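This briefing concerns the structure displayed below. Please keep the sequence and the model at hand while reading.

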Amino acid sequence: MRKNTLVVVVAVLSLAAVAKAQSPSAGDASDAAGKLPVKRVVLYKNGVGYFEHSTQVRGNQDLNIDFTSGQLDDALKSLTVVDLGGGHIQGVRFNSVAPLSERLKTLRLPLAENTSRRDFLNALRGTRVEVHSGSASAVGKLLSVETIKTFGEKDQEVQTTEVTLVTDDGDMRSFTLTPGASLRVADRELSDEVNRYLNLIGSAKAVDLRRLTISAAGTGEREIFVSYISEVPVWKSTYRILIDKDHAQNPLLQGWAVVDNTIGEDWNDVQLSLVAGAPQSFVQNISQPMYVQRPTVPLPEAEILTPETHEAAMMKLAPPPPPMQETMGMAGAQPMVRSNGMVIGGPMAGGGGGGGVGRGFGGGFLAGSGPGPGAPQPMSEAVEAETATAVAKTAGDYFEYNLKENVTIGKNQSALVPILQARVEAEKVTLWNEDSDTPRRALWLNNTSGTELDAGSFDILDDNTFAGEGMLDSIRPGEKRLISYAADSAIQVKTRTESSERPITHVVIAKGLMTVTREDYELKTYTVSNSDTAARDVIIEHPARDGWNLAKDLKPEETSASFHRFRLKVEPKTSAELAVEEFHPREFDVQLTNLDTSWIDLLTQEKRMTPAISQALKRVLDQKGVITGIDTQIRSRRQDADSITTDQGRIRENMKALKGSPEERALVQRYTQQLNSQEDRLAALHTQIADLQARRQKESDQLDKILEEIALDEKF
């Protein structure tokens with residue numbers, strides 16, 4: 001019963017502490033007066049939003065903005081705070097939350113975030129505890145915690161936890177912690193530590209709320225301006241296209257944006273802008289305390305000193321030059337201008353003073369490097385298009401919808417807000433390509449709204465009836481785009497392909513290189529059948545392949561990166577054909593120095609041997625023939641020389657074998673005469689080879705000259 005009573009008391013105390021933390025207090029009653037209301041919101045496509053707050057203050061006053069930890073991180077690294085009435089910002093503070101692992105280190109008990117029962121008991125070793133198990137009980141200090149393995153019925157292994165205590169009398173008592181046993185911390189301070197541990201674990205699961213407090217100091221009534229960026233959900237675009245039954249006028253395009261308010265406070269009468277762009281942004285946990293791992297340095301050991309001598313001092317160095325004076329202030333800084341023309345920032349008053357939280361500024365910035373990415377800026381070249389619901393602007397790389405009416409969206413709520421309503425040019429067609437195979441109903445939409453259409457979903461209402469839906473990419477003003485929304489079962493498309501290789505179409509000879517061009521030819525025929533009672537404009541998407549050229553008489557409606565789009569009118573209950581001819585030129589390079597009769601035969605066979613080409617190639621082949629003849633003579637003489645050299649080696653070996661023989665004198669005289677004769681022949685051969693090589697070089701130079709002179713460009 002004591003254990004249960006303790007648990008109940010701890011639970012009641014914990015609930016009371018949580019209730020106290022969550023219940024409104026006198027300080028909370030003043031929160032409304034200290035709130036900084038949101039005045040302007042700019043949402044981007046990269047998951048961040050730019051926020052402006054402003055309010056009137058009198059005298060010294062604290063202003064609050066509530067964030068989650070993730071939102072606070074973004075706000076701290078982009079925060080701009082300005083007192084527009086001559087006052088100054090004394091400081092910005094927020095509740096710091098250390099990581100749970102660091103807060104657990106402050107406990108006396110070594111408990112981690114994920115502590116098991118065994119870990120908890122081991123942490124209590126040496127602590128005074130009270131154990132009850134059935135009729136047995138004991139009070140003492142916890143000595144050990146062990147896992148005991150036993151075997152029950154059918155030799156099944158059973159694990160139990162056994163704790164051992166040393167009582168005040170010095171007795172050692174062991175208890176098995178069965179479901180009926182209980183263990184209570186008898187040390188009041190350690191019992192409080194256990195409660196602190198449980199409270200820390202519970203607080204880690206509490207609502208993530210971080211409050212930023214801005215302290216403004218000054219006299220009289222004045223305006224405070226605050227801006228920052230914060231993490232928000234990406235806004236989404238969705239469209240409606242309404243088509244009249246009789247097509248008397250262009251379809252009506254309605255644009256909507258899905259906007260989510262997750263910053264923790266209501267947007268009341270807020271100026272909202274939606275930007276179809278994604279400026280660079282990143283996440284940095286700047287609001288979390290950061291700890292570094294410091295090295296552990298051992299304590300120095302005592303040393304036994306021995307006498308020693310020391311060197312004399314060096315000559316004193318000359319004093320260093322005085323340091324350069326730092327330039328204070330922000331010379332040339334440009335003021336930030338709000339949409340109403342009021343200057344809200346510029347150089348810091350006084351031309352100096354450091355910049356940090358807690359320092360006073362005379363109308364200057366407290367933090368951040370300028371206005372957020374959505375702050376107004378002069379746009380002398382901005383293009384504006386007035387719609388029924390918003391003003392759309394293009395400035396630089398981004399496109400922005402500024403809602404004409406302010407919006408009100410409660411915290412943790414979402415809204416569908418109108419951004420566009422305009423008549424646009426659109427033509428109803430059927431779209432087909434081989435990749436999708438199924439013909440689709442589509443609109444060939446010409447964006448004549450004057451505004452950029454952000455990527456998103458769309459629905460088609462044709463004659464007040466839902467006709468389909470789809471997705472569209474961003475479409476710039478004046479751009480034409482196909483958007484499909486439904487299948488067209490009335491259209492069937494069959495294809496037939498014929499391929500062949502065409503004769504040579506082009507021969508170019510220049511600087512010893514002959515380039516021969518021939519073409520691969522392909523004819524693709526599309527047969528389109530229309531089983532409906534109404535005519536169809538069918539758009540055939542024919543693949544646009546690298547290196548393939550359409551026949552000159554073929555003109556597609558348009559060409560994209562992947563397709564040539566051809567229009568084919570198909571009357572009711574009939575079929576129509578579209579024939580697409582394409583040519584793919586292939587080039588072959590031939591060095592004329594490697595020219596042989598096979599190319600002559602090919603050009604002759606394909607009737608491409610013009611008199612000019614024939615004469616040019618004949619000059620090359622004739623000159624190559626001269627060089628080939630010389631090469632044959634050089635080869636013949638080298639073979640003769642090699643044969644003589646081989647024979648001389650044989651003779652010398654024979655002469656070595658004759659030493660000491662009766663025939664030595666006569667045969668040596670004979671072999672010597674033969675070697676002399678061969679040496680004369682070798683000398684003559686070497687002279688002839690040298691003459692032939694010189695002649696060959698001359699003929700090669702002549703061939704190079706002929707190659708340089710030939711310049712032909714023949715088309716067929």
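The model is predicted. The count of salt bridges comes to 33, and several of them are described individually here. The largest nonpolar core has 55 residues, and a second, separate core has 23 residues.

**Salt bridge between Glu-522 and Arg-545**

- Glu-522 and Arg-545 form a salt bridge in which the closest N and O atoms are 3.0 Å apart.
- This pair links distant parts of the chain, 23 residues apart: Glu-522 belongs to strand S29 (residues 513-530), while Arg-545 sits in the loop between strand S30 (536-543) and strand S31 (549-550).
- Glu-522 counts as buried because its relative accessibility is 13%, under the 20% limit.
- Arg-545, at 30% relative accessibility, counts as partly exposed.

- A salt bridge joins Arg-567 to Asp-537, with 3.9 Å between the closest N and O atoms.
- The two residues are 30 residues apart and link distant parts of the chain, with Arg-567 in strand S33 (residues 563-570) and Asp-537 in strand S30.
- Arg-567 has a relative accessible area of 27% and is therefore partly exposed, whereas Asp-537, at 18% relative accessibility, counts as buried.
- Through salt bridges that share partners, Arg-567 and Asp-537 belong to one network with Glu-427, Glu-557 and Lys-569.

**Salt bridge between two helices**

- Asp-631 forms a salt bridge with Arg-696, and the closest N and O atoms are 2.3 Å apart.
- Asp-631 lies in helix H9 (residues 611-657) and Arg-696 in helix H10 (residues 664-709), so this pair ties together parts that are 65 residues apart in sequence.
- Asp-631 is partly exposed, with a relative accessible area of 21%; Arg-696 also counts as partly exposed, at 30% relative accessibility.

**Open sheet**

- Six strands form an open sheet with mixed pairing, in the order S27-S24-S23-S30-S33-S32.
- Strand S27 (480-487) and strand S32 (558-559) are the edge strands, as each pairs on one side only.
- The pairing of S32 with S33 is antiparallel and runs over two bridges.
- Glu-558 stands opposite Arg-565, which is in S33.

**Helix H4**

- Helix H4 (residues 69-76) is mostly covered, with seven of its eight residues buried.
- The buried residues are Ser-69, Gln-71, Leu-72, Asp-73, Asp-74, Ala-75 and Leu-76.
- These buried residues pack against four strands: S3 (61-67), S5 (88-94), S11 (210-217) and S12 (221-231).

**Nonpolar cores**

- In soluble globular proteins, nonpolar side chains tend to be buried together.
- Within the largest nonpolar core, the residues with the most contacts are Val-226, Val-259, Trp-267, Leu-272 and Leu-274.
- Leaving aside residues up to four places away in sequence, Val-226 touches Leu-36, Phe-51, Glu-52, His-53, Ile-65, Leu-79, Thr-80, Val-81 and Ile-214.
- The second, separate core includes Ala-138, Leu-142, Val-163 and Leu-183.

Conventions
Residues are numbered from 1 along each chain as its sequence is written. This is a predicted model: local features need pLDDT of at least 70, side-chain atom pairs count only at pLDDT 80 or more; totals for chains, interfaces and linings use all residues. Side-chain values use heavy atoms; hydrogens and water are left out. A salt bridge is a side-chain nitrogen of Lys or Arg within 4 Å of a carboxyl oxygen of Asp or Glu. Buried means under 20% relative accessible area, exposed over 50%, partly exposed in between (1.4 Å probe, protein chains only). Two strands pair if DSSP finds at least two bridges between them. Contact means heavy atoms within 4.5 Å. A nonpolar core is a set of buried Ala, Val, Leu, Ile, Met, Phe, Trp, Tyr and Cys residues joined through side-chain atoms within 4.5 Å.
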